[in-house]
Amino acid sequence: MTGAELWTTAAVFGPLLAALVALGGRPWTLKAGLALGSGTALAGSLGLWVEVTRQGPVRHLLGGWGAPLGIELWADGFSVAMLTVTAVVGAAVSLYSLSYFGDLSELDAGASPAGRAARYFAPLWLLLWAALNGIYLSADLFNLYVSLEILGLAAAALVTLAVTPKATVAGMRYLIVSLVGSMLFLLGVALLYTEFGTLSLEELAAAAPAGPMAAASLALMTVGMAAKTALFPLHAWLPPAHAGAPAPASALLSAVVVKGSFFILVRLWFAVYGGASDGGLLLMGGLGAAAILWGSVLALRQRSLKRVIAYSTVAQLGYLFIMFPLLAPEGLGAGGASGPASPEWSDDAWTGGILLALSHALAKAAMFMAAGNMTYAVARDALRDISGVAHRLPMSFLAFGLGGLSLAGLPPSAGFVGKWLLLREAISAGGWFWVAIITIGGLLTIAYVLMVLRHALDLKASSGDFRPVPKRMEWAALLLALAAATLGVRATETFQILLQGGVTPWS
Amino acid sequence: MTPLDLYAWAGVAVFLLALHAVVTRAHLIWKVLGINLMGTGVFLILLAAPARRDPLVADPLPQGMVLTGIVVAVAATALALGMALRVMSRTGSPFLTVDPESADPDPDAPEPPS
Amino acid sequence: MELTPLLTWSALPLAVVLSSFVPGIAIMFLREEQTRLRNTLNMAGAVAKVALVGLMLQGVAAGASYEWALEVIPELSLTLRGDALALLFVTLSAVLWLVTTLYAIAYLEESENRTRFFAFFSLCVTATTGLAMAGDLFTFVFFYEALTWATYPLVVHKGTPEAIRAGRTYLFYTLGAGAILVVGAVWFQVEAGTVQFAAGGVVDGAAVAAEPVTWAFIFAFLLIGMGVKSALFPIHGWLPTAMVAPAPVSALLHAVAVVKAGAFGVTRLLHSLFGIEVAWEMGAAMVVAGLAAFTIVYASIRALAQDDLKKVLAFSTVSQLSYIALGVALLDPLAHAGGLVHLVHQGIMKITLFFCAGLVAQTLGVKKISQMGGVARRMPLTMAAFTIGALGMIGLPPVAGFLSKWYLGLGALGAGQSWVIAVLLASSLLNAAYFLPILKTAYFDEPDPSWAEGEKAPRPRWEADWRMVVPALTTAGFSLAAGLLAASSWSPLGWALFIIERGVL
């Protein structure tokens, strides 16, 4: 077994196996499952990081069977970066969940809602983890579909672990959107297969899909994935679902789950379709810009802590789509029509955009966990109820603040570096519209992060009831926030792995 | 038009009808069944797929996809029905009536289980 | 001179930055009541920083240079460079941080949230030393933006609605300008192809002549970014508002860190990025000089109308800061020396004034000039220090401020900009017009009932807490010494001339 085979296997099947272990329904099986899942995912992603850095994109034919009949796992720099950030966030959230759901002694009381949440969080999350890693390592469309479906089912179930009617409804709505999105994707897959007779992403890329059938298929898959990624204007399901879920689930949903469908979108648009059409790229960028403005303004108008963060996710996802037009070689949006697409994709836009995705994953998970700590302490979620928690929970406050820096693109944070790169591309291409959006979005982000911090600092209204928060939960949030800050002073390795394969790994 | 084309067009029709139902019908059972039917529409298209290129050569891949797809659809439908039941028991309504956007700040914010 | 291994250690700049970063982070995790440990950490960090800076000073004087870099992404690094120019600012920050820390420990003895205060205080100084030694524009912006957010908790420290409002104004100005600065910096990199700072500039004059509009925009963006912290008219409004913060914070804002970062940024912009010749050719330096001259006079007039002591000092800062911008914008080495040395002189004199204002407010509750009658009889040492600072601001010899103005005037004549002399004279008269009445009230008026009647308790041995009096006297002493010992090569003036001779600017 080669290193690549070992590590891809670990990344996908480790968490899957761990999910089975965690289904055992005893405290020790939960702990063992989370430890096994975290361990295999971390080892797999780091192992692949080394392999891909050393030899470029790697391939694993499962059971020795290749395309078209067998299933292939395939990893390039983009896959590895996403795998790794998922593993880091996942490990921290796993740690966090062990304390968040209490001492796990209620596991046997299957009827009690709390016991149910404690019992099923770990298996659902580990299943979700396997599905996400499956997406990042898929080399064919159908494998993507199956992983995506598992991801959607597990994610919706995680939301409904919170027992309130609102969370239940939000989870149901999420499930419907997610399933419809998957169906649109599957229809797109069917059309592509009808036209080109292959499911392999690499062979499709070689066929350079064009024509009405290919365009229709891309449109269907894009709508489906955009709905799952909550791209404006298909974002309405996200805030209630992400805000209503239990804190560790919120962290996972906002930080890594939406990135799964984002990953598929990027792969389809660039690796498979070679950038598709200029108009399409501009449209995606425009929707991203609208998401930044709309999501930020709505975040400013929320009165409950977790909803601010959830709307912030809508806004921050917009940045990832601004990358689409900026990647194009001639600099779309500069006014001038670009000529035939040259193969020179912008490294700045690519590394900047993906760095923002990675930094959002780390920072958003940190912020949701920090917010979870604050609501855990005061048993309330409204902004006015968290008055004064900064003084009781300085570490969570710090984690929230550091995460906010990263979202706002202030140093030291990966967000700062990512925005610098995106700005560099936008300016050298003369795309002043994108420069303005990136800048305004950053200022709006500061405004809503500050709104939360100010409430947390407010001493006058602080209530007396504080439930002590387990230290482990505070550390988990802070460590992720520190990771986002560290990536802001040292991103060379990440930068270089993203160029392994780059935007179009198969061209 | 070959019989296989008929499959494909029937698939498209089923998909669109089902999508229409999912979007317009408020009752959760309608929505869940609609999603299930959307999948069925895609399966029909997949079965007809090889015809576009060479109708005389048997292609095992679509069969495999459809079989897998059915398994996934069963699982998804089961979960969706289960969640629909839970919605009904927690809100007393088979519709998505509780507007998650409403009543903010939340008086019964999700209290972490202890 | 033989250099010991320690003096040639290239990571010395990093050590200087970490000497306040590490205590800052450590303090963040302390409990409120761990006062002794917190103070120890603070003072240890401050002393260590001064010691490390002392090493670097020796090294640089003997010809060593220090560079430490961490690659963030390929071709973009955090670069810390310890050269003569950087050290001018770093030394000022390090020394003033030490005295301010001592002062702040006493000033905030009874107040809340000291853990947060001192943690962010240390982070501010970290960011300041970082940007002082920044070897390129990326590093500069990195620390400059970090300084902005690290200062916010200090400005709103009191938590009163007024403080929160001031904090909002502060962020509105600084973050807005910061966003413009980032765009300008990236744009600079795109057009110039580099972000390195280099003596004499990195911009090609021919390139500027070819695309004057683009370069004018880049310069304007960068100037707005730097100008807001250096309180150039018309983006100075945050500074007088922010004086609601506690006195040590005002000292930090006005002398040690924030405004100095802006003034230093203007220097870097004119000299290390564009180069002063190119800046004159494109007319940009003339704009800076004009704005600075206007700010000098305008802010002095505004100061005349204030009754709140700290507000007078705040407008005085706005005015005095523009001396630095004016000096470095003129095309003459003596003016550059005058601008650079004023970076230090303004710092030590203004911090003295703020220390004294804080002492008077903390001890007697006096905040307005109209209540200061007879304060000098009750607090002679404090008012002596205040007098030295005020006379320096007016520009009377032998206090340091005189030298700044002298060199600025010489430089203006050398550069053929004799109108500057008129600005300097007008400003000195205005300074006298708002400082002398304060001194007159304090020394010659009867004790004001607002504080004199409340005084029943037996006086402490010192006129106030010695940990606050000593820093004020120390910085007042610095202000005198910088003027009296200006001929020494270790005086601020000597060092500024050394910078010019070395051609580091």
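Helix H15 (residues 333–364) of chain C and helix H17 (residues 380–394) of chain C have axes that come within 8 Å and cross at roughly 145°. Axes here are lines fitted to C-alpha atoms, for helices over the stretch in contact, with angles from 0 to 180 degrees between N-to-C directions. The crossing of H15(C) and H17(C) is left-handed, a term used if the near helix is turned anticlockwise from the far one by less than a right angle, right-handed being the clockwise case. Helices (H or I, at least four residues) and strands (E, at least two) are DSSP runs numbered from the N terminus.

This is a predicted model, in which local features need pLDDT of at least 70 and side-chain atom pairs count only at pLDDT 80 or more, while totals for chains, interfaces and linings use all residues. Residues are numbered from 1 along each chain as its sequence is written, and chains are lettered from A and ligands numbered from 1 in the order in which they are written.

Residues are in contact if their C-beta atoms, placed from the backbone, lie within 7 Å. On the H15(C) side, Met349(C), Thr352(C), Leu353(C), Cys356(C), Leu359(C) and Val360(C) take part; their partners in H17(C) include Phe386(C), Ile388(C) and Met393(C). By class, this helix contact has ten nonpolar, four polar and no charged residues. Nonpolar covers Ala, Val, Leu, Ile, Met, Phe, Trp, Tyr, Cys and Pro, charged covers Asp, Glu, Lys and Arg, and the others, Gly among them, are polar.

Chain B and chain C have no contact, and their closest C-alpha atoms lie 24 Å apart.

| Side touching chain A | Residues of chain A | Nonpolar | Polar | Charged |
|---|---|---|---|---|
| chain C, 21 residues | 23 residues | 16 residues | three residues | two residues |

On chain C, strand S1 (66–73), helix H5 (137–155) and helix H6 (161–192) each supply at least two residues, and H6(C) gives the most, with nine.

Chain A has a mean pLDDT of 89, and 93% of its residues reach 70 or more; pLDDT is the predictor's confidence in each residue, from 0 to 100. Over residues 331–342 of chain A the pLDDT is below 50, and this stretch has 26 contacts in the model beyond near neighbours in sequence. Where pLDDT is low, predicted coordinates should not be read in detail.
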